[in-house]
Amino acid sequence: PKQLHTNRIVPVYPLTKDITQKWLRKVIHSVVEQFVPYKQDPLPETIRRDNHLPPLSDALRQIHFPDSDQDLQKARQRLAFDELFLLQMGVLEQKKQWESRPGEVFESPEDWLEVQLKALPFELTAAQQNALDQVRGDLGSGTPMNRLLQGDVGSGKTVIAALAAMIVIRGGGQAAVMAPTSILAEQHFQSLSSLLVRDDQTALKQPEVRLLIGATPENEKAAIREGLANGTIKLVVGTHALLQDPVNFHNLQLAVVDEQHRFGVEQRGLLRQKGENPHLLVMTATPRKSLWPDPQPGGTWQSSLYHLSPGGRKRKDRRQSSRGRIQPTAKRGFSILSAGTAARTDERGRQGCHHDPLPR
């Protein structure tokens with residue numbers, strides 16, 4: 001038999017007390033040789049051939065005891081392909097199940113929408129108009145919307161959420177906006193109130209838009225819960241307080257989740273359960289390097305806002321501002337440690353934090 005411990009690419013495994021590499025290597029080699037030949041390959045031969053992938057049994061053997069660097073690379077590619085392929089299959093199955101549910105249809109006539117757009121303090125950018133068109137299509141499709149709205153700070157995600165809420169409210173539904181912190185919830189409440197609360201008949205009145213957070217006084221919480229249950233409150237903005245059992249909606253039809261990556265899957269699911277197949281719009285400023293085109297992982301469709309909206313705040317370059325403060329200190333002879341977050345790969349293929357030293 002071929003050497004296991006020398007004169008070859010030798011696997012190195014994590015160990016625990018009283019376990020040695022040689023012993024563990026022998027055990028794993030025995031298991032691989034005894035059971036891997038009987039492992040069924042879930043991928044059809046046509047998929048393996050089209051993607052230049054080895055059989056699963058070969059990949060499992062070569063990932064532990066590769067005959068060459070090339071065989072090791074092929075094994076890694078095969079196992080990585082399996083993970084991504086099965087993940088995407090699960091995503092598509094989830095999306096299929098989601099789209100099989102009936103959703104309330106909400107129309108947005110052009111004349112009504114024109115009134116709403118003219119009432120805004122600015123004109124929509126081309127990216128915002130495109131995102132709005134996609135949201136309108138989702139809301140009128142008869143299938144619950146499941147859309148991710150991505151854009152940097154100041155790109156105008158809130159106005160798209162506001163217009164989506166107005167479309168749903170016009171059709172007799174209620175909308176809920178959930179944010180991860182009380183400060184962000186209060187900001188959304190102020191922004192949405194300024195955009196949607198007006199004197200004309202097509203707009204909302206202030207009592208129809210409420211804020212529900214942990215710091216809300218108990219008497220106000222009781223009034224808000226009552227208004228949500230009987231339908232007099234059309235739009236509520238809040239935090240995790242919206243998920244509490246006493247909070248019930250008369251007809252929740254749109255759930256908007258901001259900074260969705262800061263909520264768990266169960267928490268987003270709890271908000272959905274407050275209504276019957278409500279439309280879902282999730283917003284984030286965190287860029288996503290997706291591996292697939294739409295639909296995105298998780299069964300969502302994506303809209304992106306690439307430009308700042310009129311009056312939007314441009315994110316400051318923290319590096320330039322910090323250098324302006326640090327450099328004068330460094331010139332006085334003090335030592336400065338600058339810790340960055342950019343990763344680099346060293347000669348062994350390991351990733352670490354790259355520190356960009358400042359000039360003294």
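**Close-up 1. Lys221 and Glu218 pair their side chains in a salt bridge, 3.6 Å from N to O.** A salt bridge here is a side-chain nitrogen of Lys or Arg within 4 Å of a carboxyl oxygen of Asp or Glu. The model is predicted: local features need pLDDT of at least 70, side-chain atom pairs count only at pLDDT 80 or more, and totals for chains, interfaces and linings use all residues. Residues are numbered from 1 along each chain as its sequence is written, and side-chain values use heavy atoms, with hydrogens and water left out. Both partners, Lys221 and Glu218, sit in helix α9 (residues 218–230), three residues apart, about one turn of the helix. Helices (H or I, at least four residues) are DSSP runs, numbered from the N terminus. Lys221 is buried at 9% relative accessible area; Glu218 is exposed at 52%. Buried means under 20% relative accessible area, exposed over 50%, partly exposed in between (1.4 Å probe, protein chains only).

**Close-up 2. A salt bridge joins Arg78 to Asp41, 2.7 Å from N to O.** This pair links distant parts of the chain, 37 residues apart. Arg78 belongs to helix α4 (residues 69–99), and Asp41 to the loop between α1 (21–35) and α2 (45–50). Arg78 is buried, with 0% relative accessible area. Asp41 is partly exposed, at 25%.

**Close-up 3. Salt bridges link Asp41, Arg48, Arg78 and Asp82 in a network.** By the same rule, the count comes to ten salt bridges.

**Close-up 4. Asp200 and Arg198 form a salt bridge, 2.8 Å from N to O.** Asp200 is partly exposed, with a relative accessible area of 30%. Arg198 is buried, at 16%.

Definitions and conventions: Helix = DSSP H or I, 4+ residues; strand = E, 2+ residues; numbered from the N terminus.
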